[in-house]
Amino acid sequence: MAALAGPPKDRTKTEHVAEVRRVVFENPSGPFVILELVDGYTALGPATIEDFEARTQYRFLGRWENDPARGYRFRFSAWVVHAIGSRTGVIKYLVTLCHGIGQK
């Protein structure tokens, strides 16, 4: 079991920028995921596993909460791509958002 992350520097911040390490849980009956972040924290909110790409930073908008059993985690209500770190990530971003752009 991983150690719980300590408190964030500013628990009043309403945004958190981090890279997603992996999706820990995805709700099969609706859009909700729990994400393990590279910085040691966890983020949870309305999204699907397909929304996230490895080696890409995301800006999560929401609030910090302290769960006594799971430590500090960021509950987000919205998110956007902050920085793309790989060729695959750039392609996925362009294909998703730009009409007429394909995988090649």
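Colleague: Which residue does glutamate 65 form a salt bridge with, its closest N and O atoms being 3.1 Å apart?

Modeller: That's arginine 75. A salt bridge here is a side-chain nitrogen of Lys or Arg within 4 Å of a carboxyl oxygen of Asp or Glu. Glutamate 65 lies in strand β4 and arginine 75 in strand β5, so the pair ties together parts that are ten residues apart in sequence. Strands are DSSP runs (E, at least two residues), numbered from the N terminus.

Colleague: What kind of model is this?

Modeller: It's a predicted model, where local features need pLDDT of at least 70, side-chain atom pairs count only at pLDDT 80 or more, and totals for chains, interfaces and linings use all residues. Residues are numbered from 1 along each chain as its sequence is written, and side-chain values use heavy atoms, with hydrogens and water left out.

Colleague: Is glutamate 65 buried or exposed?

Modeller: Buried, at 17% relative accessible area. Buried means under 20%, exposed over 50%, partly exposed in between (1.4 Å probe, protein chains only). Arginine 75 is partly exposed at 29%.

Colleague: And which residues are linked in the salt-bridge network?

Modeller: Arg63, Glu65, Asp67, Arg70, Arg73 and Arg75. Within it, arginine 73 meets glutamate 65 at 2.9 Å, N to O, and arginine 73 is buried too, at 13%.

Colleague: Switching topic: how many residues are in the largest nonpolar core?

Modeller: It has 16. Such a core is a set of buried Ala, Val, Leu, Ile, Met, Phe, Trp, Tyr and Cys residues joined through side-chain atoms within 4.5 Å. Phe76 is among those with the most contacts inside it.

Technical notes: Helix = DSSP H or I, 4+ residues; strand = E, 2+ residues; numbered from the N terminus.
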